[in-house]
Structures are given as C-alpha cells and as structure tokens.
Amino acid sequence: MDDHEPARPSGAPTNLVGTGSDVVTGLCLLFGAQWAGDALARLFGLPIPGTIVGIGLALVLVGFPMGRSLPIAARPLLHNLPLFLVPIGASLINQAEILRHEGFVLLLAVIGSTVLTMAATHVTFAVTMRWIEGQRR
Amino acid sequence: MTAAIAALTPAPFWILMTLVAWRAALHLQQLARGHMLVNPIVLSIMAIIGLIMVSGQTYADYARATYPITVWIGPATVSLAIPIHTHLALIRRAWLPIAAALVVGSSVAIASGWGIARMLGASPGLLLSILPKSVTAPVAMVLGEQMGGSAALAMTAVLIAGITGSMLAPLLPAMTRCTDSRATGFAAGLGAHNFGIAKALAIDDRAGAFAILGMACNALMTAQILLLVSIMMAR
C-alpha cells in the first residue's frame, strides 16, 4: 500500500504497455462490480446496499487470472479515497439553516455517540481477541 | 474575477480547485507531520466552501461541475475489496472479535445517537436523520430517508461522525489502553466509515483492512437494525 508501483504478479515482465491496459482492465472490473452489485441489490430487493454487494463481487473476481489487474487500478483510488468525498462534503454549505437552529444538538449528539461507539467497539474487539488468544495457548 | 472564471467554464475550474485543495491539504498535513488537527478532508472541504461563497455560485453549480469526481466514490469503495483480500487469513482468524465488536458497536452507535439527541430535545426529523450517522455516506443517505428523516441531514451527520472519528482514531489506543491495531482499525471503520478507513490506512495496512471490514459490516448491520426498528415502530 505504501509504494505507488503497480504490483505485478511475481515473475511477470514489467512493461508500460501491459501496465496501461492492466489499469483499464482493472477499472472495467471495478465499475463492473459496482454496477452489477447495484443491479443485483435492486433486482432482488436485497436488504444489503449495492456497494457492499459490489465489494463482495470484487472479492471473488480477485481470485481469477483477470482479477490480477484489480489491485493495479485500485491502489491510486484507495490512496485518494477522501478526495472523492470532498464535493459531497461541501454540501454542508446548504445546511446552514438547520445548523443554526439545531446545529449544537446535532454536533453534540453525533460527536458524543461517535466517541462512545468507537470506544465500545475497540474495547469489545480487544477483550474478545485477548480471550481467544488465551484459549489457543 | 474568480466569479467570472468559475461561471465561464465551471467543470474544469471546480475540478481543478477541488484537486488543488486536496493536494494542498495533503501537503499541509505532511508539513504538520500528520498532526491530528491538520485533517486533509476537513481542510479541503473548508477551502471549497470558502471558494463557493467567494465565487457567487451555488453549491448546486459546484456539485454539477464536480460530478466527474463524485462518480469515483463507487469504484473506490469497491476497491476496498483489495486490502480485505490481502488480509483474508488474518480476518478469518479474528472472526469472533469481529462479530462481537460488530454487534456491540452497531447497537451503541444507533442507541447512543438516539439517546443523546433525544436528551437534548432534538426535533423528530433530526432524530431520525442521525441514526445512520456511522454508516458510509451513500448507504446512510438512503437509510436516513427510509427512516423518515432527510438525506441531506443524514449526510451532515455522517460528515461530523467522520471528522470526529478521524481525529479520535489515533487517540483510541491511549484511551482504551489496548494497542492492537486490528481493534483500532475495526473501531475506526465501524464508527467513522471512509474517514476512519483513511486514518486506519495511515496507521498500517492491517488496521486499514480491519477498518474496511468494520465499515462494510456496519453498513449491513445498521441497515438490518434500522429495518427492525422501523417495523417495530410501525406496529
């Protein structure tokens, strides 16, 4: 995750043409998985968000030979994930009215609840982990 | 000046500004050596909001112009499958802590959000909109609306949760006195979705994988719990 070099399957020759088309193949698979996930979730009225189905599909695709191109396309996207959220984040500008009336309540409730949520999750995970690691020994 | 340029060719202008804001924010974070108060996401959102206000254009103009950036949320979210795949063996070994933390975390997220907001006298619209605040944005917007709140308010709550979580994540080990990066990652992803993942990936790759898992699991879990709650409320 730290290097920006595309990961080649071990032993495969590194050439720029191959890498370029690998990126396109990878992007096809990424958009394909997203689209198919959305379509499946809607078609069957699944109680699961389409994007999550898409993650599941991509997880299956990585196992196939063609799926080797997936990490190559995914890496730069993962590195800059928050960038894609900036335009939606700027929609805060339209919430000025509500924020003026109930902004304090919203802020306090969400911050308080997030702190509680993360602390509870962290502790539960760590305690359960310690317990099963103790069992294994 | 800015207004005239923005109105002339909105798409390249606003896309350029968003990229520049993000790049500059990343640079600032590097300069500050990753100090938790220098948050690139918050900084670039603030910069863009300032620019929109100065430009005399509306948010709708900006959103339309930058749609080509927003489109990438989908494939970028699907890309999260890659770190999960890399750490699949590690995740399998930790299935019990994952399940336990998921049940506790999702329940605390919904119950505490509802409880605190209610204690502070929130209006019903606000109360319902903040319930899915810990879930990733595209899913939370749908859930907020389904519950009878508003998508925009749900989005606002999601953002605040994300910002809070990305500041809190590096402090978690000290707060709870356990240094397992898997636990920190899972908590960051469960409580603060994409923002938490970004922070967890900065801790290490393993934390990143568990953060992604936390986000994905919580999207599922919260959707199920809220579905149950709305069925019970309808009775």
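This is a predicted model: local features need pLDDT of at least 70, side-chain atom pairs count only at pLDDT 80 or more; totals for chains, interfaces and linings use all residues.
**Entry 1: the patch on chain A**

I started on the outside of the protein. Leu40(A), Leu43(A), Phe44(A) and Leu46(A) make up a nonpolar surface patch, and together they have about 410 Å² of accessible area. I then picked out Leu46(A), which sits in the loop between helix 1 (16-43) and helix 2 (50-61) of chain A.

**Entry 2: the cavity**

Which residues line the largest cavity? From chain A I noted Leu85(A); from chain B I wrote down Ala137(B), Met155(B), Val158(B), Leu159(B), His193(B) and Phe195(B). Sorted by class, this lining has 6 nonpolar residues, 1 polar residue and no charged ones.

I also checked which helices contribute. Helix 12 (151-168) and helix 14 (181-203) of chain B each provide at least two lining residues. Helix 12 of chain B gives the most, with 3 residues.

**Entry 3: His85(B)**

Last, I turned to a histidine on chain B. His85(B) belongs to helix 7 (residues 81-86) of that chain. Its relative accessibility is 33%, so I logged His85(B) as partly exposed. How far apart in space are His85(B) and Ala209(B)? I got 8.6 Å from C-alpha to C-alpha, while 124 residues separate the two in sequence.

Note on methods
Residues are numbered from 1 along each chain as its sequence is written. Chains are lettered from A and ligands numbered from 1 in the order in which they are written. Side-chain values use heavy atoms; hydrogens and water are left out. Patches are made of residues with over 30% relative accessible area and no salt bridge: like charges are joined within 9 Å, nonpolar side chains (Val, Leu, Ile, Met, Phe, Trp, Tyr) within 5 Å. Accessible areas come from the Shrake-Rupley method with a 1.4 Å probe; for residues, only the protein chains shown count as cover. A salt bridge is a side-chain nitrogen of Lys or Arg within 4 Å of a carboxyl oxygen of Asp or Glu. Helices (H or I, at least four residues) and strands (E, at least two) are DSSP runs, numbered from the N terminus. On a 1 Å grid over the protein atoms alone, a cavity is a set of points where a 1.4 Å probe fits but cannot get out, and a pocket is an open set with protein on both sides within 12 Å along at least five of seven lines; lining residues have an atom within 4 Å of a point. Ala, Val, Leu, Ile, Met, Phe, Trp, Tyr, Cys and Pro count as nonpolar, Asp, Glu, Lys and Arg as charged, and the others, Gly among them, as polar. Buried means under 20% relative accessible area, exposed over 50%, partly exposed in between (1.4 Å probe, protein chains only).
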